[in-house]
Amino acid sequence: HKGRHADPPTTIMRRLLILLALLCGQCNAFSSLHHGNGLRSRTPLAMVPPVTQEELNGGSITRDTPSVEDVAPDLDIEADLAPIPITFVASTPSSTKRQLPSNWLGEKLYVLSTAALIGILTGTNIAVFKTAVELVREALYGDGVILPFLNPALWNELKGEDILTITLRISETIPIWLIPACGGILVGLLLTIGDMPPGLRDTVKEVDLDSMRATNATPPDELLACVNLTPASERNDLARFSRKAVAATLTLGTGNSLGPEGPSVEAGMSLSRLLMNNKIFGKVSRVFGTLEDMELSEMQRVNRKVARDRLLLACGAAAGVSAGFNAPLSGVFFALEIVQNSLVPIDFPLKQAANTNSNIEQKSEIQVATVGGEALALQQINISAILLASVVSALTIQLLLGNELALRLGSFDFKNPLIELPLYLLLGALAGVTAAIFSGVAQLSKSTFDGEEGPEIVRDVFKGIPKYAKPVIASLFCGVVSLFVPQVLFFGYETLNGLFLNSNIFSTEYLFALLAAKLMTTAVSASSGLVGGTFAPSLFLGGVLGAGFHNVVADSLQVLVEQHPELSAYPIVQGISGLPAFAMVGAASVLAALFRAPLTASLLLFECTRNYDVILPLMASAGVASLTGDIVEKWLDEDQRDKDPVSWGDLATRLYEDVDDD
């Protein structure tokens, strides 16, 4: 300005920096106003200071940004540069400042260390589980198990060479079709001893309830209505988890039509829960410092605890898939794609506060904040922890059992991937329909076992059947069906690997008969109380569907060429890719449709093949399959898929029903 001396450059720079700082303060306040929606904000509540009770009672918050004198008292700045106070309504506790939580470094170290420990324990547990299933199967169906036997006549002269052996071979004693019933009887006995933990979605509810109780917060009524769970200090989780692991071993070892990956995922989650609720581990974890910040409000502490426990639960699930398939990348995407869908937000009511005005006590309106609505992928520490747990679990089981993939695929080539793309898309649509039919049949079977479907006489009969007898009925059904279609029994992945290796050829008619038989036996087994997952059966269904589809297309093209020889010049008519290619694409497609996880399904088969060319038709077919499954289930007017327990392994073992929101 005229008549004024020019300010030195340093003074101008200092004033510009001060103005920038003040402007940033205003913008942060406006951002808090714009996004101040409780826990629905992307800013974690553990990162912001709590609102005082007086501010909450008053219904509004007035926060003054730093004054000029507070920022730089040694500078002479005009008064008109001072910021204007900002006032906004606080429907839920919010803040105009962001700050790191206390001991944030210690919490990160705790999460990463616990994730690595979960990976080690899960890998070891799955190795023992697979070995136990193999021993039971070998004793029942194979050459038998050799057991040491002491000859009584040589008791007094005990020497090393006097120790004899006997071979335990059950298949020579009872008919093979009755062996699955042995597993059903033993699982029924376990059900009489005590309850078993539920599947994925109900497990999340139990973990949320334990997390809120650990912070001394009052859980919302909606959660208490869904989960009738005693406090962690009053129950024996180790016994519950062990019963289900033994039941899974007996179910799969006797050949019932379920899969091992569901129990593997539940084993990882169970181990993570044991660490969460273990008092000794809680004391050891104090080396990382105090993880609970008592300066935070109750809602912030609840959200922080729920988010941490959900992350550790996801680490256990990822470690289970990684060890089950020896596929760590698939384990990571399983957590981010499938487990994430089960982490539903919770409406957490804030405590009512009394507001005294003119000696009249008034109560403020009930305020509700959303707890646990953040996605796992939003925080870098979450990705790191899940990656670490998955990798450590895979390395552990490789050390114990060797580096052998569960799925073995031979060498094959895609002849004309682009020209064959419509065929893969059609296969994906058929896979979506197959997954929807399987889901509907499983739901119908569950309702029948509960005495809710069928003719009146059927409902009355099943209502009178005790819970422990239902696994016996399902296992007998599997045994009878195996007389005609032996491949429905679980013997690992031999049948599916045979299709992938093109070394076990079935006729087209037998393939579709096997598809129908496997679908029925798996649906009945999953809904009866037998313990196992639907992950492996979905791969089996898809592989058989893909093989049958290949045979139909190949035979149709051959007939077309015979009737119209002039079409033989076209590449698609000259021949399509081999049966293993279509079997593999079909397996991934049914898995993607049933679990709504096209990325997980595609990456699982990619990790097994180590062939990049396979990923293109896999992703296209899996995407179409997932979309088709949604459309078909809505058209059939079934329950919405987000409430469908079939793909979560808790069809028969779920303990809690969802509260109707209508």
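1. The accessible surface of the chain comes to about 31,700 Å², and 60% of that area belongs to carbon and sulfur atoms. Accessible areas come from the Shrake-Rupley method with a 1.4 Å probe, and for residues only the protein chains shown count as cover. Please keep in mind that this is a predicted model, where local features need pLDDT of at least 70, side-chain atom pairs count only at pLDDT 80 or more, and totals for chains, interfaces and linings use all residues. Residues are numbered from 1 along each chain as its sequence is written, and side-chain values use heavy atoms, with hydrogens and water left out.

2. Now the overall make-up. The chain has 23 helices and eight strands; helices (H or I, at least four residues) and strands (E, at least two) are DSSP runs, numbered from the N terminus. Of the 662 residues, 50% are buried, where buried means under 20% relative accessible area, exposed over 50%, and partly exposed in between (1.4 Å probe, protein chains only). Contact means heavy atoms within 4.5 Å. Among contacts between residues at least 6 apart in sequence, 80% join residues at least 24 apart.

3. A salt-bridge network deserves a look. The structure holds 16 salt bridges, each a side-chain nitrogen of Lys or Arg within 4 Å of a carboxyl oxygen of Asp or Glu. In one of them, Arg235 and Asp210 meet at 2.5 Å, N to O. Arg235 lies in the loop between α7 (221-226) and α8, and Asp210 in helix α6, so this pair ties together parts that are 25 residues apart in sequence. Asp210 is buried at 8% relative accessible area, and Arg235 is buried at 13%. Asp210 also forms a salt bridge with Arg273 (3.7 Å, N to O). That pair links helix α6 with helix α9 (residues 261-277), 63 residues apart. Through shared partners, Asp195, Glu206, Asp210, Arg235, Asp237, Arg240, Arg243 and Arg273 are joined into one network.

4. Asp195 pairs with Arg243, with the closest N and O atoms 3.8 Å apart. Asp195 lies in that loop and Arg243 in helix α8 (residues 237-253), so the pair ties together parts 48 residues apart in sequence. Asp195 is partly exposed at 37%, whereas Arg243 is buried at 15%. The loop also holds Met196, which is buried at 5% relative accessibility. The C-alpha atoms of Met196 and Lys244 are separated by 5.7 Å, although these residues are 48 apart along the chain.

5. What encloses α17? Six of its eight residues are buried, so α17 is largely enclosed by the rest of the structure. Its buried residues, including Leu496 and Phe500, pack against α18 (508-528), α19 (535-563), α21 (579-595) and α22 (598-609). In helix α18 you will find Thr522, which is buried at 0% relative accessibility. Leaving aside neighbours within four places in sequence, Thr522 is in contact with Ser257, Leu258, Phe438 and Pro537.

6. Phe484, in the loop between α16 (470-482) and α17 (494-501), is exposed at 66%.
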